[in-house]
Every structure is written in C-alpha cells, then in structure tokens.
Amino acid sequence: SNEKSINIKGIDLKGIAKVEDKQVVFIETSEGINTYEIGQIIGGGYVVSKIDEKDIELEITNQSSSQIIKLEKDD
C-alpha cells in the first residue's frame with residue numbers, strides 16, 4: 001500500500017511521562033497499557049520517534065511516513 005497516513009486504530013494514547021532520565025509514552029491496546037520509549041516499536045511497523053514533554057506531543061514513524069499526535073493537558 002502507498003497509503004501515507006498512519007492507522008492507529010486500536011491504540012489509545014494515555015499520556016507521556018519522564019521516568020528517571022527517560023521519556024515514555026503510555027499506550028493502551030487490547031492487551032493493556034504499556035510504556036514505550038523513543039526507538040521502540042508500537043506495532044504495525046511504527047516506532048516512537050519523538051516524545052515532546054513540553055508541548056505534550058508524540059511523533060510516530062514508519063519507513064515512509066510520520067505523524068505528530070498532540071495530547072490534551074490534564075488540569
């Protein structure tokens with residue numbers, strides 16, 4: 001497929017955090033909530049490529065495209 005959009009169906013982004021000196025993103029799938037660091041595969045060939053704690057953004061990429069996902073800040 002030459003589709004350039006990222007299908008993240010079945011993945012629910014729960015939040016980002018700093019654990020010790022590492023930034024992680026919390027992602028819920030049908031298997032439960034897991035943490036992922038930059039460089040880890042989240043499924044379907046997609047990798048966490050950037051976690052921006054300040055702007056509360058996550059970038060995921062595969063070999064042909066990338067997508068930035070903006071999370072909402074909790075009060």
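In what order do the four strands of the open sheet stand? The order is β4-β5-β6-β7, and the pairing is antiparallel. Strands here are DSSP runs of E with at least two residues, numbered from the N terminus, and two strands pair if DSSP finds at least two bridges between them.

This is a predicted model, in which local features need pLDDT of at least 70, side-chain atom pairs count only at pLDDT 80 or more, and totals for chains, interfaces and linings use all residues. Residues are numbered from 1 along each chain as its sequence is written, and side-chain values use heavy atoms, with hydrogens and water left out.

Select the edge strands, β4 (41-43) and β7 (66-70); each pairs on one side only. From one strand to the next, the twist averages 35° (axes are lines fitted to C-alpha atoms, and angles run from 0 to 180 degrees between N-to-C directions).

Pick Ile41: its bridge partner in β5 is Val47.

Now go to β5 and β6, which pair in the antiparallel sense over five bridges. Show Asp52, which stands opposite Glu57 in β6. The hairpin of these strands has four residues between them, and Ile56 takes a positive phi near 55° there.

Finally, select β6 (residues 57-61) and β7, an antiparallel pair with five bridges. They form a hairpin with four residues between them. Glu57 stands opposite Lys70 in β7, and Ile60 has Gln67 in β7 as its bridge partner.
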